[in-house]
Amino acid sequence: MGMLYLSSAQIVLAQAPVNDVVSWPSGLLLLASILYAALGTSPDRLWEIEPSSGIFLFSGLPKISIPLMQRVTWTSNACHFVPGVRSANGVSNFWIRAENVTASARAEALQKALSLLQCVSWDIRAEAVRELKLDTKIWKLSPEGLIYPTSQVAFRPDVKPLISTPDIKLPSLSIPLAWDFLLFATIEYHATQHWVVEVRRKEHIFSTYGMPFHSVVNVDSEEDALAVVAAQMVRRPHGQSSLRARAREIMDPQTEHFFLDLDAIDIDVPICSIDFHAYAPERSKVSASLRELAHSYYMVVQHIRRHAPRNNCDMTGHIARINFGQTLWVALLGGAVLDNGRMTFINLPETRANWKVSADHAYLTRVESVLAQLESVANTPAFESTITGAGGISRGTAMPFLVAGLIGQMIICYFLSVGTSAGVWTSVILANSLYAGRLHDWHSIYFGKSNSSSQPGLKLRVPDMKTDWMCIATFDRSSPKEGLLRQGFLLNILGLTAAVLGAIFQSQTRDALGFSPFTPTPSWVVYTSIALCVGTSAFIVLMLFLQYITEKTWTEDAMFPTRVMAYTTLSASLIVVALAILFRVRNMPELWPILDALTWISGLPLGTIENGRLFSVDDNILHLVLLNRWMMGAVASAVGSSGRR
């Protein structure tokens with residue numbers, strides 16, 4: 001069976017060493033398979049298969065922080081700001097606790113974003129040209145291009161109109177927060193512009209009849225803004241707001257027409273649940289009450305009025321139209337997702353170190369770099385049409401593949417332990433080789449079903465580039481899509497459990513299922529495994545010694561991962577070899593689980609260095625270390641299957 005898969009190293013990793021396929025002695029095919037697989041596979045692929053690397057990958061986010069790693073001078077292409085993580089430096093990623101970005105830094109980032117990006121635009125877009133001319137009997141323009149109803153309101157001329165004051169005085173200076181801009185974008189997002197909605201509030205009526213697409217209503221209080229935001233909530237899909245179902249549809253042959261009695265609505269309960277980038281969990285969607293939405297709408301409208309160019313829009317006819325994409329990114333760069341989501345900066349022009357850099361400085365410098373890249377496309381149609389993106393994958397519907405993968409892992413580990421000479425650790429690592437890079441794993445929920453699956457989040461592309469993102473923002477506290485799929489905590493623990501059960505009930509299962517009689521592994525195979533393990537350890541020592549005498553960097557902070565890897569692996573390897581010889585000489589093969597336990601435990605520090613991710617180390621040394629670990633597993637398997645003499 002196993003010999004059918006010798007066409008590539010990747011497939012060889014998946015082969016099961018079944019003893020009765022060939023006439024080789026028991027245990028020899030397993031040893032040959034391990035050698036062929038471990039020698040012919042790249043170290044990063046071996047690392048994805050390594051069982052101990054998955055202990056800290058349950059959520060994919062950092063759970064520990066090593067002080068020495070904070071002093072290295074590495075430069076990383078990706079920096080993630082996530083709440084609740086431990087700030088950590090890695091060779092590929094910097095992780096910064098988002099709570100460490102202070103309120104003053106967030107306010108400064110927001111001001112920097114607002115200095116370049118505008119929430120509205122006054123240019124005449126193609127869709128505006130297709131609209132009917134503004135009906136001045138219903139709507140009028142302010143000098144800033146904002147609209148307000150006239151004294152006559154469509155459909156209800158006998159009722160006192162809401163928001164009918166043409167000359168609104170600006171209130172005392174108050175700067176909107178990033179969350180206000182996010183809710184302002186939320187109000188506009190997915191609202192069907194041509195739907196007519198009438199909102200009754202006490203004795204007032206507000207109607208969207210004749211309201212220009214993407215226009216801004218000039219409200220003079222939060223009370224007035226309530227009707228506007230309520231109408232926008234009705235003009236969207238049912239899944240985004242419960243107000244859609246609360247509104248009464250009016251039969252109208254011209255267009256969809258709704259009526260909402262706002263007096264019957266509790267304005268202090270969450271009324272919307274909006275996910276800008278698709279498939280975020282419900283707890284991570286943007287949710288707010290009507291009162292909160294009205295407050296944000298009012299605050300942003302006043303901001304627009306203060307910063308609008310004095311171009312007498314009431315004379316020229318230019319309407320201020322909401323630039324949804326820029327408004328959203330003003331909020332995101334201003335820190336709107338730092339409290340519960342993730343902000344990733346990647347592919348920025350300059351590489352940055354994280355040594356002696358505060359969270360505020362790290363965040364602000366990256367925001368400045370993003371804005372510098374956006375300068376050529378800011379406030380133009382190209383911003384939304386060419387450099388922004390959104391999307392994601394359906395994480396919830398991937399759960400059946402997780403369940404199927406876990407069941408398959410347990411079955412494979414159990415029968416590898418029962419029907420072959422593989423020990424517990426070796427059974428799990430062979431089973432992991434089947435799943436590395438496959439869909440049957442916890443972390444496949446973040447990766448999708450194909451290579452073209454979009455990474456969840458709102459994205460900014462580097463201008464004039466088709467593939468390189470420079471900023472990714474998610475509303476849920478998630479792990480970024482990076483590298484190949486890795487096996488995770490559940491896959492390893494359930495595989496370990498199944499392999500242990502297989503070892504315990506090996507005889508009973510073999511008898512019940514009619515397996516062939518068990519054949520002990522010859523002593524020479526056991527000692528060959530021990531010799532290979534010792535030889536691999538010797539090569540590691542030799543390479544580290546040559547590196548030391550030529551580079552003399554062994555004591556530097558950047559060599560901390562190499563030191564941990566060497567100390568834990570070499571010491572464990574020597575102990576495993578010594579115990580294996582002892583067990584063989586004293587005829588105690590039943591103690592082989594101790595060897596597997598040492599192999600497993602010795603890998604935990606490696607999975608700790610960068611929370612389960614591939615760490616900074618020389619590829620050749622890493623390859624030898626992982627090969628050494630496979631040899632340790634081979635020694636445990638050989639001793640356990642040798643039987644008493």
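These legends describe close-up views of a predicted model.

**View 1. An open sheet of four strands.** The strands follow the order β9-β8-β11-β10, and their pairing is mixed. At the edges are β9 (204-207) and β10 (248-250), each of which pairs on one side only. On average, neighbouring strands of this sheet are turned by 25° against each other, direction ignored. In general, strands of a sheet pair through backbone hydrogen bonds, either parallel or antiparallel.

**View 2. The pairing of β8 with β9.** Strand β8 covers residues 196-201 and is joined to β9 by four bridges. The two strands run antiparallel. Within this pairing, E198 stands opposite S207 in β9.

**View 3. Helix α7 across the sheet strands.** Helix α7 is formed by residues 222-234 and lies across β8, β9 and β11. Strand β11 spans residues 257-261. The helix runs at about 145° to β8.

**View 4. A nonpolar patch on the surface.** Six names make up this patch: V403, I407, I411, F415, L513 and F515. Together they have about 530 Å² of accessible area. Helix α14 (residues 399-419) supplies four residues, the largest share of the patch.

**View 5. I407 in helix α14.** This residue belongs to the nonpolar patch and lies in helix α14.

Key
Residues are numbered from 1 along each chain as its sequence is written. This is a predicted model: local features need pLDDT of at least 70, side-chain atom pairs count only at pLDDT 80 or more; totals for chains, interfaces and linings use all residues. Side-chain values use heavy atoms; hydrogens and water are left out. Two strands pair if DSSP finds at least two bridges between them. Axes are lines fitted to C-alpha atoms, for helices over the stretch in contact, and angles run from 0 to 180 degrees between N-to-C directions. Contact means heavy atoms within 4.5 Å. Patches are made of residues with over 30% relative accessible area and no salt bridge: like charges are joined within 9 Å, nonpolar side chains (Val, Leu, Ile, Met, Phe, Trp, Tyr) within 5 Å. Accessible areas come from the Shrake-Rupley method with a 1.4 Å probe; for residues, only the protein chains shown count as cover. A salt bridge is a side-chain nitrogen of Lys or Arg within 4 Å of a carboxyl oxygen of Asp or Glu.
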